[in-house]
Amino acid sequence: MGISKDTSEFACESIKLWWVNYGKFIYHQADSILIKCDSGGSNNSNHHIFKSDLQKLVDELGIEIRIAHYPPYTSKYNPIEHRLFPHVTRACQGVIFTSLELVKKLMAKTHTKTGISVVVNVNDKIYESGRKVAKRFKETMKIIFD
């Protein structure tokens, strides 16, 4: 959970924090990460700034990251949308958010009958919006498209 705008830098920082704190321990033999994304917001498949930030993250972590984008208007088919988000909504239902700590507490107590639980970390960094991709990134990027 962040307090800043939803930027590609925020999305990549969230991936990094998950990998460093949880992923590399749970999936210690993994040599790649697959992330399923909708096609809107900070991780839009058409935004080269997301691809640039993602490449920096791959270089930093030293693990391959694969992104699978759902086509526009089909994020409803993302299983996490149906398996987890309704429970988060229910946990926050009828509550007036008076503090970030309250929101974190409500979301952290969310879990499903099948064992999915929510881990909440607050990223309090402020991210700059409107950043532009570096010149010549498109020509020099190491990204492979499937």
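1. A crossover is called right-handed if, with the strands pointing away from the viewer, the path from the first strand over the helix to the second runs clockwise. Strand 1, helix 2 (residues 48-61) and strand 2 build a right-handed β-α-β unit of this kind. Helices (H or I, at least four residues) and strands (E, at least two) are DSSP runs, numbered from the N terminus.

2. A word on the basis: this is a predicted model, where local features need pLDDT of at least 70, side-chain atom pairs count only at pLDDT 80 or more, and totals for chains, interfaces and linings use all residues. Residues are numbered from 1 along each chain as its sequence is written, and side-chain values use heavy atoms, with hydrogens and water left out.

3. Back to the strands. Strand 1 pairs with strand 2 (residues 64-69) in the parallel sense, over 6 bridges; DSSP must find at least two bridges for two strands to pair. Ile-35 has Ile-67 of strand 2 as its bridge partner, and Cys-37 stands opposite His-69.

4. Phe-10 and Tyr-127 are edge-to-face, at 5.8 Å centre to centre and 65 degrees between the planes. This pair links distant parts of the chain, with Phe-10 in helix 1 and Tyr-127 in the loop between helix 5 and helix 6 (137-140), 117 residues apart.

5. Phe-10 counts as buried because its relative accessible area is 16%, and Tyr-127 is buried at 5% (buried is under 20%, exposed over 50%, partly exposed in between; 1.4 Å probe, protein chains only). Trp-18 and Tyr-27 form a tilted pair, 6.3 Å centre to centre with 40 degrees between the planes. Trp-18, at 34%, is partly exposed, as is Tyr-27, at 49%. Ring pairs join Trp-18, Trp-19 and Tyr-27 into a cluster.

6. Finally, Thr-98 sits in the loop between helix 4 (85-92) and helix 5 (100-108). Thr-98 is exposed, because its relative accessibility is 67%.

Conventions. Rings of Phe, Tyr and Trp (its six-membered ring) pair if their centres lie within 6.5 Å; planes under 30 degrees apart count as stacked, over 60 as edge-to-face and the rest as tilted.
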